[in-house]
Amino acid sequence: MSVPQPQPQPMGMSIHYRRYALTLLFLVYMLNFVDRQIVNILAEPIKRELGLADWQLGSLTGLSFAIFYASLALPIARWAERSNRVRIVALSAITWSLFTTICGVAQTFAQLFLARVGVGVGEAGCTPASQSLISDYTTREKRASALAFFSMGIPAGTLVGMVVGGLIADSLGWRASFALVGVPGIILGLLAYFTLPEPRKSFAASGVQAAPGLREALAELNNKPTYIWLTVAMATMSFGIYSNLAFQSSHFLRNHAEGLGALAVRLNDLTGIRLGATGFLGTVLGLIVGLCGAVGTWLGGWATDRGVRSSLTAYATIPAAAALCMPFALFATYTASNTVAALCLMGLPMMLQSIYYGPIFAAVQSLVHPRTRATATAIFLFFANLIGLGLGPLSVGLISDFLAPSIGAGDGIRWALLSTSLAYILAAAAFMVARKSIRQDIVS
């Protein structure tokens with residue numbers, strides 16, 4: 001069994017400054033998902049104006065982003081192993097934010113597709129470098145919680161993207177939504193560049209070895225069966241999650257349009273707040289996804305940090321249990337005929353699908369030596385995004401287009417979403433296989 005090696009700790013960082021660094025990285029990651037997910041709540045207005053099919057919507061929310069995000073993540077991660085990770089995170093945030101604003105001026109499907117490719121190019125450098133930084137900022141005993149806090153940017157960004165995107169789209173149109181949400185990322189990117197610490201400067205005098213070559217890094221990863229099976233689990237989890245997120249607003253707008261309209265009128269009567277269907281749905285779904293997702297993310301990190309004190313298998317067991325429950329929770333949600341019941345039921349799968357973030361990212365960071373972490377994350381996310389983000393939404397769109405002529409657009413999207421939810425069962429199985437070797441593979 002490999003013996004965990006002592007890690008160099010950042011020098012000259014007070015606990016308050018470390019908290020500031022973690023908070024700023026969380027905010028950057030939140031905007032990462034604002035810009036990534038805003039297109040989901042805007043899908044129906046975009047579809048109507050540009051005359052798109054569901055498969056085209058699926059490619060805009062997944063494939064266009066994933067192609068370059070997945071392919072560029074590894075070379076940028078190799079750069080991060082040898083260079084200043086703070087500058088990489090800052091440059092990435094500025095780049096994807098600029099391309100998000102460009103989405104607002106696209107006039108055709110091809111132009112919007114290319115703009116989304118640009119968003120993916122920018123975001124490719126964020127996660128590997130950020131997670132590598134966080135692993136250097138914290139000890140292994142607190143790593144799952146720290147990475148869970150960072151990962152709360154996913155539900156928080158989805159909340160902000162759907163709420164803000166829906167409200168702006170209601171009042172100013174979908175183009176203004178893209179234009180306005182891009183600006184904060186540029187500001188945070190500059191703030192990160194000038195204020196975040198790079199711990200490696202402190203490590204220089206500590207005898208920390210240079211980053212290994214790519215062949216050496218790949219050999220290290222290839223000798224970790226736990227890493228391989230966690231990659232399979234991540235890819236299948238991502239397939240289910242991105243399939244669901246890309247079309248959940250379309251499902252409600254097609255199957256619950258009357259109920260949403262009635263709820264919006266009731267809200268106006270009670271509070272005087274006037275919202276259209278898109279604005280109301282964006283606000284409600286954003287709150288559900290954001291709040292329940294945040295609870296699930298925190299719960300996964302908290303439970304894992306406590307579970308690994310007695311057994312390292314908690315890194316795999318906790319997310320496996322959550323994944324196994326997902327298809328049943330989604331079936332109850334998407335087959336509910338009452339709009340209020342369907343919206344309330346959505347909270348459970350949103351919580352369950354977020355539990356795995358802290359455990360799986362902490363496990364990956366602990367399976368490799370410090371100077372291989374960004375590379376491990378990049379390869380990990382390459383498969384997750386290429387399979388999950390690239391193929392998940394596209395698969396739902398294709399299945400929906402196939403079913404719609406016979407059962408209608410509403411039922412078509414419903415059963416497309418339910419069919420892709422079976423991926424969670426495969427994810428649970430992969431987590432349980434990874435559980436068998438995780439004790440032997442943890443090294444840092």
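Where is Ser421 found? In this predicted model, Ser421 sits in the loop between helix 21 (409–420) and helix 22 (423–435). Its relative accessibility is 3%, so Ser421 counts as buried. The side chain of Ser421 has a polar atom 2.6 Å from the backbone oxygen of Leu418. Ser421 also touches Pro327 and Leu330, with residues up to four places away in sequence left out of the count.

Gln107 lies in the loop between helix 4 (85–103) and helix 5 (109–123). Is Gln107 buried or exposed? Gln107 counts as exposed because its relative accessibility is 52%. The cut-off for exposed is over 50%. The side chain of Gln107 reaches the backbone oxygen of Val105 at 3.2 Å. Beyond four places away in sequence, Gln107 touches Leu50 and Arg175. Val119 is 12 residues from Gln107 along the chain, and the C-alpha atoms of the two are separated by 17 Å.

Attention then turned to the nonpolar core. In soluble globular proteins, nonpolar side chains tend to be buried together. Here, the largest nonpolar core holds 128 residues. Which residues touch the most other members of this core? They are Ile46 and Phe380. Helix 1 (residues 15–41) supplies the largest share of this core, 14 residues. Not counting residues up to four places away in sequence, Ile46 touches Val39, Gly51, Leu52, Leu60, Leu112, Trp174 and Phe178.

How values were computed:
Residues are numbered from 1 along each chain as its sequence is written. This is a predicted model: local features need pLDDT of at least 70, side-chain atom pairs count only at pLDDT 80 or more; totals for chains, interfaces and linings use all residues. Side-chain values use heavy atoms; hydrogens and water are left out. Helices (H or I, at least four residues) and strands (E, at least two) are DSSP runs, numbered from the N terminus. Buried means under 20% relative accessible area, exposed over 50%, partly exposed in between (1.4 Å probe, protein chains only). Contact means heavy atoms within 4.5 Å. A polar contact is a pair of N or O atoms within 3.5 Å; within protein, one must be able to donate a hydrogen and the other to accept it, and residues adjacent in sequence count only if both atoms are side-chain atoms. A nonpolar core is a set of buried Ala, Val, Leu, Ile, Met, Phe, Trp, Tyr and Cys residues joined through side-chain atoms within 4.5 Å.
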